[in-house]
Amino acid sequence: MNEYRREESRRAHNEKVKRAREQFMMLVLLLALVPTILCIILFSKQAKQQKEIAELEQQLKNYRQQMSGGMGNNSPGGTGVLSPSPTASPAQNPTNLTPAPSPSSLPADGTSYNEYGRPDLTLSATNPLDPTSSPQSTTVPDTPTPTEEPSGTPTPSPTPTLAVDPKTGEVLPWADKKVYITFDDGPSKNTDELLDLLAQYNAKATFFVIGHEGEESKRLYKRIVDEGHAIGMHSYSHDYEKIYKSVEDFEKDFTKISDLLYDSIGYVPDLYRFPGGSSNSRCKKLTIQPFISFLLERDLRYFDWNVENGDATGKSYTAEELAQNLLDGVEKKTTSVVLCHDTNAKGKTLESMKIVLPTLVEKGAQILPITADTPMIRHVKPEQED
C-alpha cells in the first residue's frame, strides 16, 4: 500500500515537473516570438511610410514643375508658359531643350521659371512674376477708345532675370541678348500657325501689317495683340509708287491702314515701318525725310532692322538656311531687330521658326516684342538728329 502511494506521489511529481517544463518552454517561445512579431510590424509600417514619403515627394516634384514652368500647353490666346510639343519631329525641334530646374536651384527672388530655365514673364494683376496669380489680360476691350489704349506698343516689361543652365546654375551664353523678331506684310494664311509656334515657346514678336480687308484679317489683327505681340503699320497698299509719290499720297495710305486697325483692334498703333525701310531707293522726287517728319509730328516711331533672315532677297534659301542666316546675325549683336516676312509665299520662313525659336530659347536669348524701351534701330535718322 505504501509502495502504491509512493508510486502515485512520484508520478504526480513527474507530471508537475513536466507541466512546469512545458510552461517554461512556452514562456521562452513567447519571449522569442514577441520581438520577431514586433519587428515584422515595424518593418511593415516602415515600408508603408516610405511608400507614402515617395508619393509625397513625387507630388511635391510635380507641384514644383507646375509652379516653375508646367503651366500647361497654351491654347491660342492663353497666358501660361508653353513647352515644346511632345510630338514634334526632330526636324521641327532639332535642339535638346533643357528640363525645368527645380526652384531651389535658381535665385530665390520670387521669379518663376519655365521648362527651359527661362523666367516666366507672364504678367498678372497681383504679382507681375507670379504665374499662379490671375493673369492680366492683354485683350483689347470690346469697345475701346484711343484714350484707353493710346499706343500700339506694349508697355515696358519688368527686367527679366538672365536665363541659367538648370544643371550648372551658370548663365546661358546668349542670356544678355535681346532679340526682336519682326514680321512684315501680314497677316497671311501662315499667321495662325506662326502665332501658335510663338506661343509654344513663350516668345513675343512684332508684326508690321499691311491692309487686308475682311473679317478673317481683322480676326488675325486682333489675335496678334490679344496674345501680347506688338503690332505696327507697314502701309496699307505696300505700293511704293503710290505711297512715296507725295506726302499727301503717303497720308492717304496712312489713313487707310490706321482706320482699318482702329476698326480691328480698337486703337491706332504708334509703330511704323516704311515699305522698303527708311533707306529704300523708291523715293524718287522726294527723300524719306518728309515722310519721317509726317510720322514724328504724330508721335509715331519708325523701326528698321539690323538682322535679316534673307527671305526677301530673291534667293531661294531653304528653311534651314533662313534659320542659320538669322542665328548668325543674332550671334554678332546684343540687340537684334530681325526682319522676316509673313505672307502666303513665305512658308519656308514659318518652317525656319521651328529651328530658330528652340535654338534661341536653349541659348537663353530674350525673345521680345518692340516696346517703349526698345533701342531704336533706324537706317536713316530724322534730320533734326543728324
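Visitor: In which loop does P187 lie?
Guide: This is a predicted model: local features need pLDDT of at least 70, side-chain atom pairs count only at pLDDT 80 or more, and totals for chains, interfaces and linings use all residues. Residues are numbered from 1 along each chain as its sequence is written, and side-chain values use heavy atoms, leaving out hydrogens and water. Helices (H or I, at least four residues) and strands (E, at least two) are DSSP runs, numbered from the N terminus. P187 lies in the loop between strand 1 and helix 2 (191-200).

Visitor: What is omega for the peptide bond that joins G186 and P187?
Guide: Most peptide bonds are trans. The bond between G186 and P187 is cis, with omega at about 0°.

Visitor: Is D185 buried or exposed?
Guide: D185 is in the loop between strand 1 and helix 2, and has a positive phi of about 80° although it is not a glycine. Buried means under 20% relative accessible area, exposed over 50%, and partly exposed in between (1.4 Å probe, protein chains only). D185 has a relative accessible area of 14%, so D185 is buried.

Visitor: What phi does N202 have?
Guide: Most residues other than glycine have a negative phi. N202 is in the loop between helix 2 and strand 2 (206-209). N202 is not a glycine, yet its phi is positive, about 55°.

Visitor: Which residues of helix 6 are buried?
Guide: The buried residues of helix 6 pack against helix 4 (240-243), helix 5 (247-265), strand 4 (271-272) and strand 5 (301-302), where contact means heavy atoms within 4.5 Å. Helix 6 covers residues 289-297, and its buried residues are Q289, F291, I292, F294 and L295.

Visitor: How far apart are the C-alpha atoms of V171 and G364?
Guide: V171 lies in the loop between helix 1 and strand 1 (178-184). V171 and G364 are 193 residues apart along the chain, and their C-alpha atoms are separated by 8.1 Å.
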